[in-house]
Amino acid sequence: MAQVFDGITVLDFTRGMPGGIATMVMSDFGAEVIKVESPSGDRFRESPGSIQWNRGKKSVILDLKTAEGREQAQKLAQVSDVVVESFRPGVTKRLGIDYTSLRANHPELVYASLTGFGSEGPYANYKGYDAVVAAKTGRMMMFSGQNPRQGPNYVVVHGVCHSAATALIRGITTALYLREKTGQGQLVETSMLKTITTYDHISWIHGQMIAKDPVNHPPDTRVGIGRPNPTGYLPARTKDGHWIQLGNIVHRLFRSMVHSLEMDFIYDDPRYKTAPSVAVEHVASLEKMMLEKIQEKTLDEWMELFAGEGSDVAAEPYMTSETALEHPQIVHNGHVANAQHSGVGELRQLGPMVIMSETPGSAKGAAPEPGQHTDEVLARLDSATKTPANEGQEPMPKLALEGVTLLDLGTVINGPLGCALVAELGARVIRIEALDGDWGRQGLQGISVQRTMAGSEGVCLNLKAPEGQKIMHQLAAKADMLLHSMRPGAPERTGIGYEQLAEINPNLIYLYAGGYGSTGPYSHRPSMAPIAGAVSGGGVAQMGRDSFPPPEHTMTIDEIVAVSTQLKRANDGTADHTTAMVNSVGLVLGLYARERTGKAQYVESTMIAANAYANADDFFWHQGKLPRRLPDRDGYGLDALHRLYPAKSGWVFLACPFEEEWQALCQTIERPDLLKDPRFATQSAREKHDNELIEELTQVFVPREPLEWEKLLTDADVACVKAEDRGMYYFFDVDSHVRENGILTQIEATGLGEFWRYTPVVVFSKTAGKAGPAPIKGEHTRPVLKELGYTDDQITDFKERGIVDWDEV
């Protein structure tokens, strides 16, 4: 079968996980990816996950420090469709492989650039390590409270890398889509500093509303800090000592869970009759009862009950990334695949990022040895001529996806946020909600929709009514794409099944954003954010080393409460955001495939696959694979050279993964004696004496302020930053570097007035992005229906009869 990127050649200059995953996905979907490495090799090949993210690629060694190497790189770019690079600002220009130089003789080139902190400003040359970006921006405060100590908490899952990888795929695919239509390539830019903003769906707007309107939005000490998961998201220990994650905050699911636990009696108790919403002072007693109840059965007994036909309870056991490779639904969906690798033998690894019916992806072979294809690839240069891209008949639009309409029937966070990321590309997104509005509008006066539904038009429609379904079908007939997150069977009952809508509009790209998928043993089951976190291995890893007593160990209920409380924070709720990013990738892949092949198709994204990808540094197995590196139990970091340290007032985060960085660190902090100390003279010695090195460096950092250390060490090219200890809102609201890189823009929303929001994650050189507000419930129902030909009287009648609705302004 055809694949999305058939015939596309990608020249990959990136290093590490973000670019590696992005080009791996392009390889999986048909692109030829040529990985350019230096004579000394890609240092990030030392990362265990590189065996996975380098798969399916060709490796060439070029010495870009020489004229010959630069000339070879330039020639390869001329016969490539896409160039991807992750150098620090200014490097590509010095090497003669910058966009301006390469496009001169190749106007069809799509050139993607990823930086750590943007191309301008005081942080432009900071190293873009995942944890450095997470610490600097306040992402680590999302896990504050996981441990008894105050301050930021190390983040294990490489969410910054995941957000950057998906942004690259989204941007490159959109640029190729435009090239197909216009014949023109362009520059695609993003930064890890920008992409991490996708994880902040609430603090940025909450902080502003408190400052702007303290009467309606009273002060809240947890702005920018992760909130404890609610009772419906309780982790619990089973009779046989295993841990299970519950995921039932929606009222219907919570009642089903309570019934399965044989705890219906709680609704006769005035303290709990409004559960899952109960007064703060009664939460602990309710959760303790639930924890005691879960102790009555083994893990297998509970899962047989929760996963059985007719059950409507979201629950999963806590797994590591490796054990998740055997999860029945992950196996069924093809989210894992077996391969043979010459170096390690059998390799179980991630399958394609999304499922596509007409242009399916597949892994294209093992990761190459450095330089394995140098002769083969360079031999082309003497005779290679790149087939010209489609000349196109259309002018370049003002907005990248101008004229594209997406119908958003997703729920809560991951569906709508994925669509909001597509709206940033310029698509028209029409948000379809039930008459009473989406569940995501609950809490904090619904202000979180300013991120999850940003840039959308709002329509409230009753899909249970025949007239509502008729309106839905009229919208589908004119649309290009549709996303929904209903479990199997529900779409057909409401008239939006794939076959039903394909008959109405055969050009409709249809994406099911599911928890588990449309078929398979768990497809009927509900899923919420912590479920994917538990399955993917992120929750267990975030807890750190030696955090769980062995199953055979007897625990008191108070000990269980303590671990459960910690696990609530560790398995944080950003699995939805991680999934949203993959949803957006699935949509643009479908759009580009339709432009190339003339065929629309069914696309499927799942929460379990998306979060497996976020754990791609560990979500694989082979004989002899090293165990995942885990932080200490107190959440400081992985080791002495990759961790948080308290400073005079506040915190710093230090990242020194390479030998020359360690040497520069010791010289800069005026401790050359550490270099000569036999305990620390080599990497293996430092690993053996890690606690002693932590003690030494702790004493070093305490006397000075965090920003003093940041200036001193980054000037020496050592990655050390002030770790934001209030939260993401506070960093982005006041930091001058943020404004210098154009990461904020002012908008106005109905009912809220003016405020800033994050600008689009991906920037194009020839087409603009779109940064709009979210609608109030049903705000655009009337104008959208008028577009369909309905009169004001008809629309008013629909509202009176419960077919449509909207909130009055």
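This is a predicted model: local features need pLDDT of at least 70, side-chain atom pairs count only at pLDDT 80 or more; totals for chains, interfaces and linings use all residues.
The largest nonpolar core comprises 129 residues. Phe5, Ile21, Met140, Leu176, Phe653 and Phe732 have the most contacts inside it. Helix H7 (residues 159-182) gives the most to this core, contributing twelve residues. Phe5 touches Met26, Phe29, Gly30, Ala31, Thr173, Leu176, Leu589, Tyr592 and Arg596, with residues up to four places away in sequence left out. Another core, of 35 residues, lies apart from the largest one. Its members include Trp243, Trp302, Val563 and Ala570.

The salt bridges number 51. In one of them, Lys127 pairs with Glu661, with the closest N and O atoms 2.5 Å apart. Lys127 lies in the loop between strand E5 (110-115) and helix H6 (130-137), and Glu661 in helix H26 (residues 659-668), so the bridge ties together parts that are 534 residues apart in sequence. Lys127 is buried, at 13% relative accessibility. Glu661 is also buried, at 2%.

Asp312 forms a salt bridge with Arg252, at 2.7 Å between the closest N and O atoms. The loop between helix H12 (299-307) and strand E9 (315-317) holds Asp312, while Arg252 sits in helix H10 (residues 251-260); the pair therefore ties together parts 60 residues apart in sequence. Asp312 is buried, with a relative accessible area of 16%. Arg252 is partly exposed, at 48%.

Arg628 bridges to Asp617, the closest N and O atoms being 3.7 Å apart. This pair links parts that are eleven residues apart in sequence. Arg628 counts as buried at 15% relative accessibility, as does Asp617 at 17%. Elsewhere, salt bridges with shared partners join Arg671, Asp673, Asp677, Arg679, Glu692 and Glu696 into one network.

Notes
Residues are numbered from 1 along each chain as its sequence is written. Side-chain values use heavy atoms; hydrogens and water are left out. A nonpolar core is a set of buried Ala, Val, Leu, Ile, Met, Phe, Trp, Tyr and Cys residues joined through side-chain atoms within 4.5 Å. Buried means under 20% relative accessible area, exposed over 50%, partly exposed in between (1.4 Å probe, protein chains only). Helices (H or I, at least four residues) and strands (E, at least two) are DSSP runs, numbered from the N terminus. Contact means heavy atoms within 4.5 Å. A salt bridge is a side-chain nitrogen of Lys or Arg within 4 Å of a carboxyl oxygen of Asp or Glu.
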